[in-house]
Amino acid sequence: MRYGADFESGDLNGASVMSVARTGEMALALQPAQSQGSYLSEPQQAGYTFNALGLHWKADLPEGTRVDAEVRFSQDGSSGGDWIKVNIDDPDLPDHSNSTSSAGETIGQQAFADKPRFFQTRPRLKGSMEEP
């Protein structure tokens, strides 16, 4: 899972950040012998209140693995709300973003909130398709 420089702060648990040789992008990967891992971002402040947030990411997933993304919102950046699972858009829908900058990315459905100013993301890497 790639986010570029977003990994410079935040907390890693069972995961590590590595450089992708061909592109120089930074990627989130499971640590050896780990079947699960996650990254918790620092609270990110928007310059305004908002009511929805959409996530999208690139992932090179070996067979039997997946990424679950979650987001939470806050008014003050210190007290976070409940984690909201980011559902994935239906892959059977027409791909209208195939020729945009989002081509090849996983597109999550929007998560809605009541006018927060801050948000956090938590991608969770799973080494097995089995439900936790």
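What share of the 132 residues of the chain count as buried? The share is 33%. Keep in mind as you read that this is a predicted model.

1. **The overall build.** Of the contacts with a separation of 6 or more, 66% are between residues 24 or more positions apart. The accessible surface comes to about 8400 Å², and carbon and sulfur atoms make up 46% of that surface.

2. Have a look at residues 118-126 to find it.

3. **The neighbours of β12.** Strand β8, residues 66-74, pairs with β12 in the antiparallel sense over nine bridges; in this pairing, Arg66 stands opposite Lys126. Strand β4 also runs antiparallel to β12, joined by three bridges, and here Gly37 faces Leu125. Strand β5 is joined to β12 by two bridges, again antiparallel, with Gln44 and Phe119 as bridge partners.

4. **Ser38, inside β4.** This residue belongs to the strand spanning residues 36-40. Is Ser38 buried or exposed? Ser38 is buried, because its relative accessible area of 13% falls under the 20% cut-off. Leaving aside residues up to four places away in sequence, Ser38 touches Asp11, Leu12, Asn13, Ala15, Arg122, Pro123 and Arg124.

5. **An aromatic cluster.** Phe50, Phe73 and Phe119 form one aromatic cluster. The count of aromatic pairs comes to two. One of them is Phe50 with Phe119, an edge-to-face pair with 6.3 Å centre to centre and 85° between the planes. This pair links distant parts of the chain: Phe50 sits in the loop between β5 and β6, Phe119 sits in β12, and the two are 69 residues apart. Phe50 counts as buried because its relative accessibility is 11%, under the 20% limit. Phe119 also counts as buried, since its value of 19% is under that limit too.

6. **A charge over a ring.** Which ring does the charged end of Arg122 sit over? Look for Trp83: the charged end of Arg122 is 4.0 Å from the centre of its ring.

Notes: Residues are numbered from 1 along each chain as its sequence is written. This is a predicted model: local features need pLDDT of at least 70, side-chain atom pairs count only at pLDDT 80 or more; totals for chains, interfaces and linings use all residues. Side-chain values use heavy atoms; hydrogens and water are left out. Helices (H or I, at least four residues) and strands (E, at least two) are DSSP runs, numbered from the N terminus. Buried means under 20% relative accessible area, exposed over 50%, partly exposed in between (1.4 Å probe, protein chains only). Contact means heavy atoms within 4.5 Å. Rings of Phe, Tyr and Trp (its six-membered ring) pair if their centres lie within 6.5 Å; planes under 30 degrees apart count as stacked, over 60 as edge-to-face and the rest as tilted. A charge sits over a ring if NZ of Lys or CZ of Arg is within 6 Å of the ring centre and within 35 degrees of the ring normal. Accessible areas come from the Shrake-Rupley method with a 1.4 Å probe; for residues, only the protein chains shown count as cover. Two strands pair if DSSP finds at least two bridges between them.
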